[in-house]
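Some labels for parts of a protein rest on a value and a cut-off.

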Amino acid sequence: MRLAVTGLGMVTSVGYGRTGSCSAIRAGLTRACELPGLLVSSGDGDVTPARGHPVSGFAEGFFQAGAWVRLAAGALEDLLHEGTRTPVAPERWRGTALMALTPMLDPERFRWPIHEKPDALGQYFVRPLQRLMGNSLPLTHTEALATGHSGFAEGLQRAATLLGAHREVSRVVLVGADSYLDGLTLQWLARHRRLKSAEAPTGLLPGQAGACLLVEVMPPRDTGDGCHIVSVVVKSPPASDASNLAKRGRLLAEAIQEVLAADDAGLPFRGELVLDLNGEEWKAHVWGNAQVLLGQHLDFDACSVLAPSESIGEVGAASGVVGAGLAVHGLMSPDSTHERALVCGIADSGKVSAVLVRGPKRAARAMSRS
C-alpha cells in the first residue's frame with residue numbers, strides 16, 4: 001500500500017510552521033545558545049555552559065512529557081491551519097488516527113520507574129495532547145510508539161496497517177516530539193560524554209522539535225501532483241551486533257537497497273539524501289560503512305545531502321518526521337530538481353531505517369510553473 005502525504009506541520013528552533021522551519025533549515029541557519037544549569041569542560045581546565053537549540057519563546061518551562069505535548073500541539077496547530085490563519089473545519093478530520101512518536105522510555109534518562117507505569121505514554125502524553133487539541137482534531141483512534149529515532153519509519157508501517165484494516169480510519173497523523181533540553185536528559189548526555197564541547201568536538205548539540213505528517217491511502221488514479229511514500233524498511237541487528245558499527249552500516253545499506261528495489265524509477269538513485277547525522281562519531285561511522293556498499297545503488301555526485309541536526313540540533317524521536325517533512329517540502333517546491341528523496345535513520349537502539357519518498361512528476365511540476 002502506498003501512502004499519499006497530504007499535510008505537514010512543524011515547530012523547530014529555527015521557526016514555527018512548516019514554511020519558516022523548512023526554509024531556515026535548508027538555508028543552513030543555526031542559532032545555538034548557552035543552556036543554563038549545565039557546565040561542560042572548555043578544554044583548558046575551565047568549564048563553560050553547554051550549548052543547544054531551544055525553541056525560544058515556545059517550550060521554556062515545560063519538562064519531559066510536558067514539553068513533548070507543547071511541541072506536538074504546536075506542530076498539529078500548524079497542520080490544522082494549513083498555512084492560513086483560519087483552521088480547517090473539524091469535519092475534515094473525522095476518521096483520523098493519531099500515531100504519537102516519542103523517545104524510548106529509558107529509565108536512566110528519565111529517572112522514574114517506567115515499568116510501574118505501563119500506560120505512561122497515554123497518561124502523560126497522548127491524552128493531554130487530545131485534551132489540548134479539543135474539538136479541532138476529533139480523533140477516531142490513537143496509538144503511541146516509544147522507539148526514538150526509528151519511530152517515524154515504524155509509525156509509517158503501522159499507519160499502513162491501520163489504513164488497510166481499520167475501516168473507521170481514513171487518514172493517520174504521525175506526530176513526533178522530543179526535547180533533549182531538560183536537566184535530566186542533559187545530565188544523561190553528559191554522563192555518556194555525548195555532548196559537544198571543546199574536549200569532545202564530535203559530540204551533539206541538544207535540541208527540541210515537534211513535527212507531524214498526515215498520510216492517506218493513495219487514490220487508485222494518482223494524478224502525480226503530490227508526494228507519496230514508496231517504501232519503508234526498518235531493520236534490527238541481532239543483540240550481539242548492536243554495538244558493531246560496521247555491521248550496522250551494512251544493515252543500513254541493505255535497508256536502502258530494499259526501499260530502492262520497491263521503486264520503478266530505476267537505479268542509481270539521484271535525489272535528496274536526508275540523514276540524521278548529529279555530529280557524533282559513531283553515527284558517522286555507521287553511515288560511512290553503509291556508503292561504501294552503496295556505490296552501485298546511489299549516484300552520490302547527483303545527490304544533495306541534508307542533515308537537519310546541523311541547524312536544529314539533535315531532536316531524537318522527532319528527527320524522522322522532521323526529515324520527511326523537509327523532503328516533502330523540497331520535492332513540492334516548483335524549483336526542485338529532484339523527484340525522489342531518501343530519509344535515513346540510525347537509532348540509539350541499533351535499529352536502522354530507510355524511507356523512500358516520491359514527489360510530483362516532472363510534467364505536473366512543469367504545468368504548475370506555467
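This is a predicted model: local features need pLDDT of at least 70, side-chain atom pairs count only at pLDDT 80 or more; totals for chains, interfaces and linings use all residues.

Residues are numbered from 1 along each chain as its sequence is written, and side-chain values use heavy atoms, with hydrogens and water left out.

Q: Why is lysine 283 called buried?
A: Buried means under 20% relative accessible area, exposed over 50%, and partly exposed in between, with a 1.4 Å probe and protein chains only. Lysine 283 has a relative accessible area of 0%, and therefore counts as buried. This lysine 283 lies in helix H8 (residues 281–292); helices (H or I, at least four residues) and strands (E, at least two) are DSSP runs, numbered from the N terminus.

Q: Which residues is lysine 283 in contact with, leaving aside its neighbours within four places in sequence?
A: Contact means heavy atoms within 4.5 Å. With those neighbours set aside, lysine 283 is in contact with His149, Asp276, Leu277, Asn278, Glu314 and Ile346. The side chain of lysine 283 also reaches the backbone oxygen of aspartate 276 at 3.2 Å.

Q: Is glutamine 64 buried or exposed?
A: Its relative accessibility is 9%, so glutamine 64 counts as buried. Glutamine 64 lies in the loop between strand E4 (47–52) and helix H2 (65–81).

Q: Is arginine 193 buried or exposed?
A: Arginine 193 counts as exposed because its relative accessibility is 73%. The loop between helix H6 (183–191) and strand E8 (208–217) holds arginine 193.

Q: What kind of peptide bond joins leucine 267 and proline 268?
A: Most peptide bonds are trans. The bond between leucine 267 and proline 268 is cis, with omega about -5°. Proline 268 lies in the loop between helix H7 (245–261) and strand E10 (272–275).

Q: Which residues touch the most other members of the largest nonpolar core?
A: A nonpolar core is a set of buried Ala, Val, Leu, Ile, Met, Phe, Trp, Tyr and Cys residues joined through side-chain atoms within 4.5 Å. Of the 42 residues in the largest one, Phe152, Leu156, Val172, Val215, Val322, Val355 and Val357 touch the most other members. Helix H10 (residues 319–332) gives the most to this core, with 7 residues.

Notes. A polar contact is a pair of N or O atoms within 3.5 Å; within protein, one must be able to donate a hydrogen and the other to accept it, and residues adjacent in sequence count only if both atoms are side-chain atoms.
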